Amino acid sequence: MASQQGQKTASGLEANVAGVLAYALGWITGVGFLLTEPDNRYVRFHAMQSTIVFGALSVVCILLQSIPLLGMLLAVFLVIPASAILWLILMFKAYQGELFKLPIAGDMAERNI
C-alpha cells in the first residue's frame, strides 16, 4: 500500500495519524474509527485490527483474573506487558504508513473491512 502521509480521512486527519489514533485506547478507539471512517481502507484496517487484537486481549485478561492467584499473575506479568509492547509497535507502524498485519488478527481485519 502506498504511503498514507498527506491522505485525508473523513475526520480531516491525515490517514497515518488516524491509523495511530485507532490504537490509542485499544478496542474503544478501534470501534470509534470503524463507525466514523466510511471510506479510507487504511484507517479502517487499523481500526478493525485494533478492535480484534485489543478486544481479544481484554477478554483474555478478564478471564485470567477470574482464576485465583495464578491467573492474576499471568495477566499482570504476561498479558499486560505483551499488550503494551504490541500497542507501541502497532502505533509506530501505523504512523509510518505501513499496513502491518498481525498473523491472525490482520487477516481477519483485512477480510472484514
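## Overall size and fold

The chain has 113 residues, and a compact globule of that length would have a radius of gyration near 13 Å; the chain has 15 Å, which agrees. This is a predicted model. Along its principal axes, the C-alpha trace spans about 50 × 25 × 25 Å.

The secondary structure is quick to describe. The chain has five helices and zero strands. Read from the N terminus, the order of elements is α-α-α-α-α. Take the contacts between residues at least 6 apart in sequence: 60% of them join residues at least 24 apart.

## Surface and charge

What share of the 113 residues is buried? Buried residues make up 38% of the chain. The accessible surface comes to about 6400 Å². Carbon and sulfur atoms account for 72% of that surface.

Now the charges. The chain carries 6 positive and 6 negative charges.

## The nonpolar core

In soluble globular proteins, nonpolar side chains tend to be buried together. In this chain, the largest nonpolar core holds 21 residues. Tyr23, Phe33 and Val43 touch the most other members. Several elements give two or more residues to this core: helix 1 (15–24), helix 2 (27–36), helix 3 (41–65), helix 4 (70–95) and helix 5 (105–112). Which helix gives the most? Helix 3 does, with eight residues.

Leave aside its neighbours within four places in sequence. Tyr23 is then in contact with Thr29, His46, Gln49, Ser50, Phe54, Trp87, Leu90, Met91 and Ala94. Of these partners, His46, Gln49, Ser50 and Phe54 lie in helix 3 (41–65). Trp87, Leu90, Met91 and Ala94 lie in helix 4 (70–95).

## Helix 1, an enclosed helix

Why is helix 1 described as largely enclosed by the rest of the structure? Seven of its ten residues are buried, so the rest of the structure largely encloses this helix. The buried residues are Ala15, Asn16, Ala18, Gly19, Val20, Ala22 and Tyr23. They pack against helix 2, helix 3 and helix 4.

Just after helix 1 comes Gly26. Its phi is positive, at about 65 degrees.

## Two exposed leucines

Leu69 sits in the loop between helix 3 and helix 4. Its phi is near 55 degrees, a positive value in a residue other than glycine. Is Leu69 buried or exposed? Its relative accessibility is 62%, and the cut-off for exposed is over 50%, so Leu69 counts as exposed.

Leu63 is found in helix 3. At 53% relative accessibility, Leu63 also passes the cut-off of over 50% and therefore counts as exposed. Compare Ala22, one of the buried residues of helix 1. Leu63 and Ala22 are 41 residues apart along the chain. Their C-alpha atoms are separated by 25 Å.

Conventions:
Residues are numbered from 1 along each chain as its sequence is written. This is a predicted model: local features need pLDDT of at least 70, side-chain atom pairs count only at pLDDT 80 or more; totals for chains, interfaces and linings use all residues. Side-chain values use heavy atoms; hydrogens and water are left out. The radius of gyration is taken over C-alpha atoms; the globule rule is 2.2 Å times the number of residues to the power 0.38. Buried means under 20% relative accessible area, exposed over 50%, partly exposed in between (1.4 Å probe, protein chains only). Contact means heavy atoms within 4.5 Å. Accessible areas come from the Shrake-Rupley method with a 1.4 Å probe; for residues, only the protein chains shown count as cover. Lys and Arg count as positive and Asp and Glu as negative; His and the chain ends are not counted. The place of a charge is taken as NZ of Lys, CZ of Arg, CG of Asp or CD of Glu. A nonpolar core is a set of buried Ala, Val, Leu, Ile, Met, Phe, Trp, Tyr and Cys residues joined through side-chain atoms within 4.5 Å.
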